[in-house]
Amino acid sequence: MPRLLVVHHTPSPALQAVLEAVKEGAAMVDDVELSLRPALSAGPADLLAADGVLLGTPANIGYMSGALKHFFDTVYYPCLDATAGLAYGVYVHGNDDTAGALRSIERITEALRWKRVAAPLSLTGAPSPADLEGVRELAATVAVGL
């Protein structure tokens with residue numbers, strides 16, 4: 001059964017609501033195992049056991065969270081060759097801007113040679129019902145892409 005790894009940093013109620021929508025979206029796809037790992041505790045073994053990854057982070061001062069950056073620093077060299085072509089998606093939540101965070105994640109995933117299977121999702125402010133539906137669709141799309 002394909003495994004979808006969700007690596008997330010969820011420090012706020014808004015991001016907790018988004019993470020719940022991720023779980024709901026992934027559950028819409030049959031025969032996919034969901035593995036949720038906080039970014040500070042996810043590592044190479046988690047990534048190497050996954051068939052795809054969904055990354056979630058707040059935008060902090062124009063960048064991804066330090067927790068997600070720590071994940072990338074931890075897995076980069078141990079997983080560089082073994083995860084080339086890995087299916088991935090990403091969501092970023094910010095109060096007003098997510099562009100810098102999305103740009104930095106894209107640079108790293110390009111260096112890792114991962115394959116984006118869904119458009120990045122940028123959320124600002126309190127997540128609306130439409131935002132949460134978009135998150136469900138993102139999670140389902142990445143899960144189907146495995």
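Helix α3 passes helix α4 in a left-handed crossing, a term for the near helix being turned anticlockwise from the far one by less than a right angle, while clockwise would be right-handed. Helices here are DSSP runs of H or I with at least four residues, strands are runs of E with at least two, and both are numbered from the N terminus. The model is predicted, so local features need pLDDT of at least 70 and side-chain atom pairs count only at pLDDT 80 or more, while totals for chains, interfaces and linings use all residues. Residues are numbered from 1 along each chain as its sequence is written, and side-chain values use heavy atoms, with hydrogens and water left out.

The axes of α3 (residues 66-79) and α4 (residues 99-112) come within 12 Å and cross at roughly 15°. Such axes are lines fitted to C-alpha atoms, for helices over the stretch in contact, and angles run from 0 to 180 degrees between N-to-C directions. The angle makes α3 roughly parallel to α4 (under 35 degrees; over 145 is roughly antiparallel, 65 to 115 roughly perpendicular and the rest oblique). Leu68, Lys69, Phe72 and Tyr76 of α3 make the contact (heavy atoms within 4.5 Å) with Ile105, Ile108, Thr109, Ala111 and Leu112 of α4.

Phe72 also belongs to an aromatic cluster, together with Phe71, Tyr88 and Trp114. Rings of Phe, Tyr and Trp (its six-membered ring) pair if their centres lie within 6.5 Å; planes under 30 degrees apart are stacked, over 60 edge-to-face and the rest tilted. The structure holds four aromatic pairs. In one of them, the ring centres of Phe71 and Phe72 are 5.7 Å apart and the planes stand at 50°, so this pair is tilted. Tyr88 and Trp114 form another tilted pair, with 6.0 Å centre to centre and 55° between the planes. Tyr88 is in strand β5 (residues 87-94) and Trp114 in the loop between α4 and β6 (115-116), so their pair ties together parts 26 residues apart in sequence. Phe71 and Phe72 are buried (under 20% relative accessible area with a 1.4 Å probe, protein chains only; exposed is over 50%, partly exposed in between). Tyr88 and Trp114 are buried as well.

A further helix pair is α1 (residues 13-27) and α5 (residues 129-144), whose axes come within 7 Å and cross at roughly 45°. That makes α1 oblique to α5, and their crossing is right-handed. Among the residues that meet are Ala17, Val18 and Ala21 in α1 and Leu132, Val135 and Arg136 in α5.
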